[in-house]
Amino acid sequence: MNTSIKGKAFVLGDNIDTDQIIPAKYLSYDPSNAEEKKYFGKFALFGVPEGESGYPSGDKRFVTEGYASEYKIIIAGENFGCGSSREHAPLALAEAGAEIVVAQSFARIYFRNSVNGGYLVPSETPVKINEEIATGDELEINLENNKLKNLTSGKEYDLNPLGDIKAILEAGDVFKYAKQMGE
């Protein structure tokens, strides 16, 4: 797990559900096949309604061409990842190149899928930063001191400590963590 993440922000609103993260029609791809797995990245956040993708303008696509996004950091509001228990949701974001989602809150099943699969870091913030950060802002996140700095505006925000999930993310996923603990 990277404890220092720097990159462009992609900003979303509240209640981004798993069908918006990776629409069901793209679940026919096989994540165990490298040639097909990349399509999860291509269609990441493809279901976010027009006008709500890439705030504040709402007219930006997460992936504009190819299979990867220029945005490494996703900023969202409340209840990110709600909806079905689709494990492909955090996989799709990671395949597109996202390393972290910072949200005010997460749906618990999405949160656990992100951690257990080691796909990306789900980080919570006590404030609604999706109303203060714009898509394209350059951000720097330090997970050791739980800080997010907006390099574009100069503002700094607190992140909630990762707590018990940090060890799992550092190991790579829940299976690697269990193996480490058993040795």
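A residue is called buried here when its relative accessible area is under 20%, exposed when that area is over 50%, and partly exposed in between (1.4 Å probe, protein chains only). By this scale Phe 40 is buried, with a relative accessible area of 0%. The structure is a predicted model, in which local features need pLDDT of at least 70 and side-chain atom pairs count only at pLDDT 80 or more, while totals for chains, interfaces and linings use all residues. Residues are numbered from 1 along each chain as its sequence is written, and side-chain values use heavy atoms, with hydrogens and water left out.

A pair of rings is described by the distance of the centres and the angle of the planes. Rings of Phe, Tyr and Trp (its six-membered ring) pair if their centres lie within 6.5 Å, and the pair is stacked with planes under 30 degrees apart, edge-to-face over 60 and tilted for the rest. Searching the whole structure gives 14 aromatic pairs. In one of them, the centres of Phe 10 and Phe 62 are 5.2 Å apart and the planes stand at 70°, so this pair is edge-to-face. Helices (H or I, at least four residues) and strands (E, at least two) are DSSP runs numbered from the N terminus. Phe 10 belongs to strand 1 (residues 4–11) and Phe 62 to the loop between helix 2 (34–42) and strand 2 (71–76), so the pair ties together parts 52 residues apart in sequence. Phe 10 is buried at 0% relative accessibility, and Phe 62 is buried at 2%.

Tyr 29 and Phe 40 form another edge-to-face pair, with 6.4 Å between centres and 75° between planes. Tyr 29 lies in the loop between helix 1 (18–21) and helix 2, and Phe 40 in helix 2, so parts 11 residues apart in sequence are tied together. Tyr 29 is partly exposed, at 24% relative accessibility. Both rings belong to a cluster linked by ring pairs, together with Tyr 26, Tyr 39, Phe 43, Phe 46 and Tyr 67.

Phe 40 also takes part in a helix contact (heavy atoms within 4.5 Å). The contact is made by Lys 37, Lys 38, Phe 40 and Gly 41 of helix 2 and by His 88, Leu 91, Ala 92 and Glu 95 of helix 3.
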